[in-house]
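Good morning, everyone, and thank you for making time for this. Please have a look at the structure on the screen, and I will then go through one of its chains step by step.

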Amino acid sequence: MAYSLKQQLEKPERFAGGHRLCAGCGAAITVRGVLRALKPEDKAVITNATGCLEVSSFLYPYTAWEDSYIHSAFENAGATAGGVEAAYRVLKRKGKIDETFKFIAFGGDGGTYDIGLQSLSGAMERGHDMVYVCYDNEAYMNTGIQRSSSTPKFADATTSPAGSVIQGKTQNKKDLTAIMAAHGISYVAQTTFLGNFKDFHEKAEKAIYTEGPAFLNVMSPCPRGWRYETEDIAEICRLAVESRVWPLFEVKDGVWKLNYEPKKWTPVEDYMKKQGRFKHLFKKDNEWMIEEAQKYVDEKWEALLAKCK
Amino acid sequence: MGKKDRLSGNEAIAYAMKQINPDVMGAFPITPSTEIPQYFASYVANGEVDTEFVAVESEHSAMSTCYAAQAAGGRAVTATSSAGMALMWEMLYVTASARLPVTMALVNRALTGPININNDHSDSMGARDSGWIQIYSETNQEAYDNYIQAMPIGENKEVRLPVMVCQDGFITSHAVENIELIDDEDVKSFVGEYNPENYLLKKENTLAVGPYDISNYYMEHKKQQAEAMKNAKSVILSTAKKFEELTGRKYALFEEYEMEDAEAALVIIGSSAGTAREAARRLRQEGKKVGLIKIRVFRPFPMHELAAAMSGVKAVAVMDKAESFSACGGPLFAEVRSALYDLKNKPHVINYVYGLGGRDICVEHFEMIYGQLFEIAETGNPGEVYRHIGQREQEGGK
């Protein structure tokens, strides 16, 4: 059956409204999008790293999660999801459970690229049948927009501020999706919120229903941290893809596939211009920063194309 | 009815785990507990257990695995030591606060700095406020017996707390001793099935674990945890009684040796109790009224019971196998001394820190300490109460 967003939206909601996430938060869009890819008859256990999503969706005594949910700490969503999955395997083998459960972990880029990378790597290497979803908003938003290894170069964050001598983050964004692909796991993909969510939905579905460990990296913009108008989120995501800052690709059984190639590239400047975190790049004498950012995007793109050939 | 064998402390724990057949083991090797997951992995590889063995990449992930597996509805175990438990630190608190009765075999080792692989109690003593029940063992037999009792205690509905069963690194973990093992079927019926009321994989209703707990609720949850720890005391005793019916081996919150008419007493934890008991035995032969208390359960702390046991004593030396850098004594000293505060006739109490990083303590050391206690009882002057023994520059100086 052909994909239809309208039909997908008719499914019962598994992430209830009333949570405390900001209006227009990318994390909530990621969660709803991923959970829509679950078959309604399948049960799931959701694991969540500490972060905005966790503190806003499960404040005792309320939970926004219709499925079973477990949070333990910041740096261990991988191991926590793996622990649940290990218990599932043995309890199923012993005949104590007969339903099908799926295991989905959500973490921000802080909990995934940085403090939780070891735990994630371990869980993926051990082959737990689970999906780890990173809602990548490119900084530690829960504690107040501190830089992470996912923050792009030059971005203004509270621990990499745009000062008079050092102007924003001095390092490039870590290529976590490639690192996860290097684990040789069943399925790895990168997506974001685009058009009718077809790319997102199909990747979430593959990630959940491909046996073995899978990793989904979802660019999930944060209006407060990136400083854009809340209603512009779709445009920000579109520009990220059209400028090739955030290419859409997937790696299945070691085979890299580019899912979308813009006909005419949008300059990275157009993407940055929309966001307050890059404001200082547009000051006089800072043209070199935009040039360097463009050069980096071009080089990364060429490298990606080579992998996808 | 039981079988005699010769096992090291680590083998004994692994054997108990095999008999219990837990659902999930998450573990990472660290000296001197490494053998436990090693033995267990071979049981898994040979199909002798049904357990999912999750060979994690760190101890933090080991405890995260156990926390999650137990929340999912399984029975989860781990084994660790020293820096390994230190890396679990955060998850010790998380597991206890979620009221998940994970069982840990802790093989006590000095908590590093500088690195040292030998025994003291600095690892578990540091974790005394994490909300775990702590049961200590003097011998391999006790390590095995305590482990068999751990799950019926922790999983009891009035308790629902994680349990660490401690034994002394190398001293019992690697020494092979005679041991009496319980029959598999008896272990299985004693420990029983794990049947939690609510768990993540329950088909009827979903469960959410690990909330953000704001100040409107947090204190109530901590009070419930504190109540659970109080409840644990009677459950530990009733479990010990059932265990005695099964094996004939008697356990309590602490063991008393010659305490009925003792005037000078030592309070100690773990394998060194054997050495101290020998000193007490020798002195008793000389007609000296000495006694010994060996703490088995440190959490919950048997405060009133200890006070009652020492109500007639004139002088007490509390032996700490851990430094707490309080500048006024070790952790066991602080709590035992506090326990004695309500006595009408308070004994004099001194503290000895001993055995750090595997430093030996001998019968003669304990004889000397008993001698000092009689002197203190006679003069009424305890002198400096915070003392160290066995180190190079000073032999138990006053």
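This is a predicted model: local features need pLDDT of at least 70, side-chain atom pairs count only at pLDDT 80 or more; totals for chains, interfaces and linings use all residues.

As for overall form, the C-alpha trace of chain B spans about 70 × 55 × 45 Å along its principal axes. A compact globule of 398 residues would have a radius of gyration near 21 Å, and because chain B has 21 Å, its value agrees with that expectation. Of the 398 residues in chain B, 56% are buried. If we take the contacts in chain B with a separation of 6 or more, 80% of them are between residues 24 or more positions apart.

Now to the domains. Chain B is divided into domain 1, which covers 3–247, and domain 2, which covers 254–388, and the C-alpha centres of these two domains of chain B lie 28 Å apart. Where they meet, 23 residues of domain 1 of chain B are in contact with 21 residues of domain 2 of chain B. Which elements of domain 1 of chain B each supply at least two residues of the side that touches domain 2 of chain B? They are helix H5 (122–126), strand E6 (133–136) and helix H8 (218–247) of chain B, and of these H8(B) gives the most, with 5 residues. By class, this side of domain 1 of chain B has 10 nonpolar, 7 polar and 6 charged residues.

The contact between the chains takes 38 residues from chain B and 38 residues from chain A. On the side of chain B that touches chain A, the elements that give two or more residues are strand E2 (24–27), strand E3 (52–55), helix H3 (59–72), helix H4 (82–97) and strand E9 (208–209) of chain B. The largest share of that side comes from H3(B), with 10 residues. Sorted by class, the side of chain B that touches chain A has 20 nonpolar, 11 polar and 7 charged residues.

I would like to finish with strand E9 of chain B, where strand pairing crosses from one chain to the other: 2 bridges join E9(B) to strand E2 (residues 68–71) of chain A, and the two strands run parallel. Within that pairing, Tyr69(A) has Ala208(B) in E9(B) as its bridge partner.

Technical notes: Residues are numbered from 1 along each chain as its sequence is written. Chains are lettered from A and ligands numbered from 1 in the order in which they are written. The radius of gyration is taken over C-alpha atoms; the globule rule is 2.2 Å times the number of residues to the power 0.38. A residue is buried if 20 or more other C-beta atoms lie within 10 Å of its own, exposed if 12 or fewer, and partly exposed in between; C-beta atoms are placed from the backbone. Two residues are in contact if their C-beta atoms, placed from the backbone, lie within 7 Å. Helices (H or I, at least four residues) and strands (E, at least two) are DSSP runs, numbered from the N terminus. Ala, Val, Leu, Ile, Met, Phe, Trp, Tyr, Cys and Pro count as nonpolar, Asp, Glu, Lys and Arg as charged, and the others, Gly among them, as polar. Two strands pair if DSSP finds at least two bridges between them. Domain bounds come from an automatic or database domain assignment.
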